[in-house]
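Subject: Structure handover

Dear colleague,

Here is the structure I said I would pass on. My notes on the packing follow below it.

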Amino acid sequence: MDLPHVNWNYPTSIKVGPGRIAELPALCVGLGMRKPLIVTDPGIAALPMLERAVAACRDAGLASGVFHDIKGNPTGRNVEAGVQDFRRGGHDGVVAFGGGSALDAGKAIALMAGQDRSLWDFEDADDNYQRVNTAGMAPVVAVPTTAGTGSEVGRVAVITDEDARLKRLIFHPRMMPGAVILDAGLTIGLPAKVTAATGMDALSHCLEAYCSPFFHPMAAGIALEGMRLIHHHLPRAVADGEDLAARHHMLVASCMGATAFQRGLGAMHALSHPLGALYDAHHGTLNAILMPYVVQANARAIRAPLAALARYLALPAASAEGVQAWILELRSRIGIPHTLAEIGLDDRDADRVGRMAQADPSAASNPIAFDAAQYAAIFRAAVAGHLDDRAVPARD
């Protein structure tokens, strides 16, 4: 029996619990920061929570600055502007504070702070990460304010190349933040629509990691428990944004999803990445809508793990069909649209989307190696709302 040789990397120091944001200044100091740049988005920048974080750093003797010129799908130009701000202000570290866009942008700015190459030179391909001057990387504290991407425990930043209209994965092992704060109090008041979309993003990470064909039983176990937490707590968090316990468990589940997807992702992300780049649509919403169509397309390869998932979640039907029914019911319950057409997408560029999806790094760990035509078919099905085996043609 041939046993696989694999490399496993697991997360960082994580401070979990309401009120832990008070520890931000100490964590910055512990990582050698005296003048951190707080990277966030325009929405968070206008909220009292950001003002309090800046004040806490100031009271601790830290001369922090704030950079918030970030799009919902952060771009290479956003990162360049952040790096200029970092250098101009003489900063020595980054606090990535906000949703997935702020976390990804913050990590990319910290990576690029002391580099003399283009950001795209560090795209996750071959051994590009070895080009990084690690001495020029700045330390990062990550503070998520949504429960979705789990980027706070990731070694990748997803950044849009606007010129190529393509999302690129920027990778280095040391992009993992040195410390993370999971404070559910920071997510209180998040709108129900955003809570739903980001929560389904966390589910997509857990589900795709769980269904990946790669060998990583620790990741599979974390993904399984992450889905149980989402099953119980996402509807509660959407229904009552003040439910601190539900918010707490969703933050943990989000972190678990990103930990688990070291096992790989799949067709949901292979499609959502190009769709986000082409249409500037919300990443979590895209994954939420695509989910049942991808499950249907992968069904013949994942029936056994889905049946085990159904048993773990104690679903009414302990089968792949039971999981699909749960996904559809959950989406309907929390207000996720059923089709991509409902968020303004059409299938005129389906062939291009199919080619981009096949080339996306996430496609490598999908349970079935779909070709471009099959990815285009899944996209068309998700636009039209066709949950039908015939929507994905068999390969010749």
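Contact here means heavy atoms within 4.5 Å. Helices (H or I, at least four residues) and strands (E, at least two) are DSSP runs, numbered from the N terminus. This is a predicted model, in which local features need pLDDT of at least 70 and side-chain atom pairs count only at pLDDT 80 or more, while totals for chains, interfaces and linings use all residues. Residues are numbered from 1 along each chain as its sequence is written, and side-chain values use heavy atoms, with hydrogens and water left out.

Helix 9 and helix 13

In helix 9, Ala267, Ala270, Leu271, Leu275 and Tyr279 meet Tyr375, Ile378 and Phe379 of helix 13. The residues of this contact are eight nonpolar, no polar and no charged (Ala, Val, Leu, Ile, Met, Phe, Trp, Tyr, Cys and Pro count as nonpolar, Asp, Glu, Lys and Arg as charged, and the others, Gly among them, as polar). Axes are lines fitted to C-alpha atoms, for helices over the stretch in contact, and angles run from 0 to 180 degrees between N-to-C directions.

Helix 6 and its partners

Helix 6 (residues 192-211) packs against helix 8 (residues 244-260) at an angle of about 40°, with the axes 8 Å apart. The two helices are therefore oblique to each other. The crossing of helix 6 and helix 8 is left-handed, meaning that the near helix is turned anticlockwise from the far one by less than a right angle (right-handed if clockwise). On the helix 6 side the contact includes Thr195, Gly199 and His205, and on the helix 8 side Arg247, Met250 and Ser254 are among the residues met. By class, this contact has six nonpolar, five polar and one charged.

With helix 7 (residues 217-239), the axis of helix 6 comes within 9 Å and crosses at roughly 160°. Helix 6 and helix 7 are therefore roughly antiparallel to each other. This crossing is left-handed too. The contact of helix 6 with helix 7 has 17 nonpolar, three polar and no charged residues.

Six strands form an open sheet in the order 1-8-5-4-2-3, with parallel pairing (two strands pair if DSSP finds at least two bridges between them). Strand 1 (13-16) and strand 3 (65-67) are the edge strands, each pairing on one side only. From one strand to the next the twist averages 20°. Strand 5 (residues 140-144) and strand 8 (residues 179-182) pair over two bridges, and Ala142 stands opposite Val180 in strand 8.

Helix 4 (residues 76-88) lies across strand 2 (36-39), strand 3 and strand 4 (93-98), and runs at about 165° to strand 3. Helix 5 (residues 100-112) lies across strands 2, 3, 4 and 5, at about 170° to strand 4.

Aromatic pairs

There are two aromatic pairs in the structure (rings of Phe, Tyr and Trp, its six-membered ring, pair if their centres lie within 6.5 Å; planes under 30 degrees apart count as stacked, over 60 as edge-to-face and the rest as tilted). One of them is Tyr129 with Phe171: the ring centres are 5.6 Å apart and the planes at 80°, so the pair is edge-to-face. Tyr129 lies in the loop between helix 5 and strand 5, and Phe171 in strand 7 (residues 166-171), so the pair ties together parts that are 42 residues apart in sequence.

Regards

Terms used:
Angles under 35 degrees count as roughly parallel, over 145 as roughly antiparallel, 65 to 115 as roughly perpendicular and the rest as oblique.
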